[in-house]
Amino acid sequence: MNQSGGLSYDRYTVDGSSEWMMRIGPAEAPPIVIVPPLFEEMNRTRALVAAMMRALATRGFGCWLPDLPGTGESDRALEDVVWEDWRAAVTEAADHAAAASGRAPLVAAIRGGCLIDDAAEGAGHWRFAPVLGASLVRDMERSGLAGTSWAGYPASPSLKAEVEAAVPEPAVRLRTVRLASDKADADGKIAGPSLWRRSEPGHSPALAEAAAEDLAAWAKTCAVS
Amino acid sequence: MVAAFNDEEELLATLRAVLADVLGLDEARVAAFDESTELFGALPEFDSMAVAGLLTELEERLGILIEDHEVDADMLESFGSLASFLRAKALK
């Protein structure tokens, strides 16, 4: 039992295969499930996501971050992962958090995570800097200019094709937030750097705090409290 | 998702913001860039790994598409050369 709001690891199951999820904050607290960015952007935003989770835990939430199949500590090989596995992972991770806390979670997605977050209904959705799958694919293809195609991620042709066709889908009680520097429409804007672009991973405590504040307010609006 | 850019000033502001964001440069330093400021090969932060992120971020924020064959050392050489390329792409 972890009442202190510290960090712990849970297991959840996707298609009979056990995957890890990181939790910061109590399991029984109002839950927020984080759907992380995809591929290299996940690594570049790891510090941001962890800082957001800590900031949300201090606001009384329990934050859950699943490792998608074929990523992080997953036992599955990325080559064998299909798009539907990732969508199923989001569904299962949200169900796991709901069972542990007794409440429907807010589903908070970042970048490419916004392409699969509609797989969980949740109590509401929050999207930060959503990206078209086609744009992600262009970036991964382009990283080949520096020598390694797809930045070393051995995604299957099927997975690549699904990513390329993916767009953020409609979701209920959805709030979309973008960086202030992004001209596209959004429900809210937050000032800060696009850390997911940096070839050297960076961090912005101010951006993490501002994002957590916006997300916490939306979670309360969606009655995740 | 695609934003319309008709304004030179806005285009240059976007280019500066992208350079600061993607390369992790100080905003005051980027604000002082002019047409002759050398970029690719001159800034240690601007290496081949950073080029992909820079181009994709410019595409997203300006609502343009940049083909690989359009990308070369000349286009990336200076703030001025990059700005000229983007003007031709983004300004109607």
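The buried residues of H1(B) pack against helix H2 (27-31), helix H3 (48-62) and helix H5 (79-90) of chain B. Here a residue is buried if 20 or more other C-beta atoms lie within 10 Å of its own, exposed if 12 or fewer, and partly exposed in between, with C-beta atoms placed from the backbone. Two residues are in contact if their C-beta atoms, likewise placed from the backbone, lie within 7 Å. Helices (H or I, at least four residues) and strands (E, at least two) are DSSP runs, numbered from the N terminus.

This is a predicted model, in which local features need pLDDT of at least 70 and side-chain atom pairs count only at pLDDT 80 or more, while totals for chains, interfaces and linings use all residues. Residues are numbered from 1 along each chain as its sequence is written, and chains are lettered from A and ligands numbered from 1 in the order in which they are written.

The buried set in H1(B) consists of B:Thr14, B:Leu15, B:Arg16, B:Ala17, B:Val18, B:Leu19, B:Ala20, B:Asp21, B:Val22 and B:Leu23. Helix H1 of chain B covers residues 8-23, and its 16 residues should span 22 Å at 1.5 Å a residue, which agrees with the 22 Å between its end C-alpha atoms; the expected span is 1.5 Å times one less than the number of residues. Just after H1(B), B:Gly24 adopts a positive phi of about 70°.

Chain B as a whole contains 5 helices and 0 strands, in the order α-α-α-α-α along the sequence. Its radius of gyration is 12 Å, which agrees with the value near 12 Å for a compact globule of 92 residues; this radius is taken over C-alpha atoms, and the globule rule is 2.2 Å times the number of residues to the power 0.38. Of the contacts in chain B with a separation of 6 or more, 68% join residues 24 or more positions apart. Buried residues account for 32% of the 92 residues.

Attention now turns to the nonpolar cores, each a set of buried Ala, Val, Leu, Ile, Met, Phe, Trp, Tyr and Cys residues joined through C-beta atoms within 7 Å. The largest has 71 residues, and A:Ile32, A:Val33, A:Ile34, A:Leu56, A:Cys63 and A:Ala108 have the most contacts inside it. Helix H6 (residues 205-221) of chain A gives the most to this core, with 9 residues. A second, separate core of 19 residues includes B:Leu19, B:Leu23, B:Leu55 and B:Leu82; B:Leu19 and B:Leu23 also belong to the buried residues of H1(B).
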